[in-house]
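Student: Could you take one part of this complex and walk me through it closely? I'd like the cut-offs spelled out as you go.

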Amino acid sequence: MKSKIVDSLDAAIADIPDGARIMFGGFGGAGFPNNLIQALSRKGVKDITAISNNCGTREGELGVMFKNGQVRHVIASFPGPHSNYFQERFAKGEVTCELVPQGILCERMRAAAAGLLGFYTTVGAGTEVAKGKEERVIDGKRCILEAPIHADFALIKAEKADELGNLTYRLAARNFNPIMAMAAKMTIVEADEIVPLGAIEPQNVITPGIFVHRIVQAKGIRFQG
Amino acid sequence: MSENVTTEKPRLTREQIAQRAAQELTDGAYVNLGWGIPNLIADYLPKDLTVYFHSENGILGMGRRAKPGEEDFDLVDAMKVPVTLIPGASFFHQADAHLMTRGGHLDVAVLGGFQVSEKGDLANWKIPGAKGSG
């Protein structure tokens with residue numbers, strides 16, 4: 001069986017092409033695949049569509065990708081106060097952004113993971129989120145049709161991975177990572193630790209290895225602020 | 001209500017508002033805390049109450065905010081503030097966190113707001129014409 005374990009961060013992302021659609025895990029400074037993001041930045045991949053809760057924390061997290069002008073379009077729920085490099089590019093029209101309510105961002109990715117072609121929700125009905133979307137009334141409630149969000153790659157951060165890609169996450173660093181791992185065609189994991197098969201009790205596995213394609217060991221990097 | 005009456009009232013501090021809101025919560029409730037002042041409520045919970053605070057990043061059972069020296073930056077609330085846990089706490093992914101909210105499983109949500117009218121109309125998402133979001 002071909003091993004999923006890759007020797008280096010650069011090798012783990014070597015085949016990600018320009019124009020790729022990429023999901024990035026992380027929320028609130030926790031659970032970001034910062035080592036993989038920096039490898040992607042080094043490789044100089046450009047014109048990517050990034051799917052992420054936020055748009056970077058200054059140079060940290062996705063910030064470096066916006067700083068270097070590597071992102072063409074972003075699908076996010078919180079282009080927040082510290083995403084200055086995104087905001088500069090957005091103001092100049094160099095990056096476009098689809099703003100998605102956070103829970104709907106999750107469900108649209110989960111729909112992609114589950115092979116569902118969409119779902120109706122009341123969230124966003126009657127607001128600018130509804131523009132261009134089919135609207136109907138179900139059970140007396142006005143709702144809109146939301147489409148799945150697919151991706152070519154997901155870059156995620158785990159605490160432990162075994163060689164099959166069974167994963168655990170630390171505390172609230174779990175956040176978007178398990179959802180993105182299921183939604184993308186190719187899931188690449190940076191894990192603090194790679195452990196032998198069986199070292200993670202089956203009942204403690206959070207993401208089953210079926211969703212994971214490549215694993216690289218890397219000591220997590222955290223950006224404050 | 002005349003403007004004069006409103007302006008003569010002493011203005012509550014953020015902490016006083018949080019303290020007052022904490023008194024509205026009931027024992028055993030599952031409660032989401034929104035951005036801003038609601039985020040302070042866990043620090044002012046009356047001692048005889050157990051409330052399971054919910055965070056959109058996948059936590060039930062958040063306690064007070066972490067004190068200097070006890071922060072763990074993998075254990076943060078929705079505002080990126082390091083928090084603590086109470087016995088019975090659990091973690092789950094972001095989709096399940098929002099499922100709890102949208103699916104009506106929580107008892108209370110305390111919302112932060114940019115502006116609130118006296119009738120309860122709430123502006124809490126964006127300010128027209130302003131940069132950034134809420």
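**Helix H3 of chain B and what covers it**

Tutor: Let's start with the cover: H5 and H6 of chain A are among the elements that cover the buried residues of H3(B). This is a predicted model, where local features need pLDDT of at least 70 and side-chain atom pairs count only at pLDDT 80 or more, while totals for chains, interfaces and linings use all residues. Residues are numbered from 1 along each chain as its sequence is written, and chains are lettered from A and ligands numbered from 1 in the order in which they are written.

Now the helix itself. H3(B) spans residues 94-102, and its buried residues are Gln94(B), Ala95(B), Ala97(B) and His98(B). Buried here means that 20 or more other C-beta atoms lie within 10 Å of the residue's own (12 or fewer is exposed, in between is partly exposed), with C-beta atoms placed from the backbone. Looking down the axis of H3(B), you find these buried residues within an arc of 160°, so they line one face of the helix. That arc is taken over the directions from the helix axis to the C-beta atoms. Just past H3(B), Gly104(B) has a positive phi of about 80°. Helices (H or I, at least four residues) and strands (E, at least two) are DSSP runs, numbered from the N terminus.

Back to the other side of the contact. Chain A puts in 23 residues and chain B 20, with contact meaning that two C-beta atoms, placed from the backbone, lie within 7 Å. On chain A's side, the elements giving two or more residues are H5 (102-114) and H6 (177-183). H5(A) gives the most, with five residues. By type, chain A's side splits into 13 nonpolar, five polar and five charged residues; nonpolar covers Ala, Val, Leu, Ile, Met, Phe, Trp, Tyr, Cys and Pro, charged covers Asp, Glu, Lys and Arg, and the others, Gly among them, are polar.

As for the chain around the helix, chain B has three helices and seven strands, running α-α-β-β-β-β-α-β-β-β from the N terminus. Of its 134 residues, 26% count as buried.

How far to trust this? The predictor gives the complex an ipTM of 0.94 and a pTM of 0.93. Chain B has a mean pLDDT of 89, and 87% of its residues reach 70 or more, pLDDT being the predictor's confidence in each residue, from 0 to 100. Where pLDDT is low, the predicted coordinates should not be read in detail.
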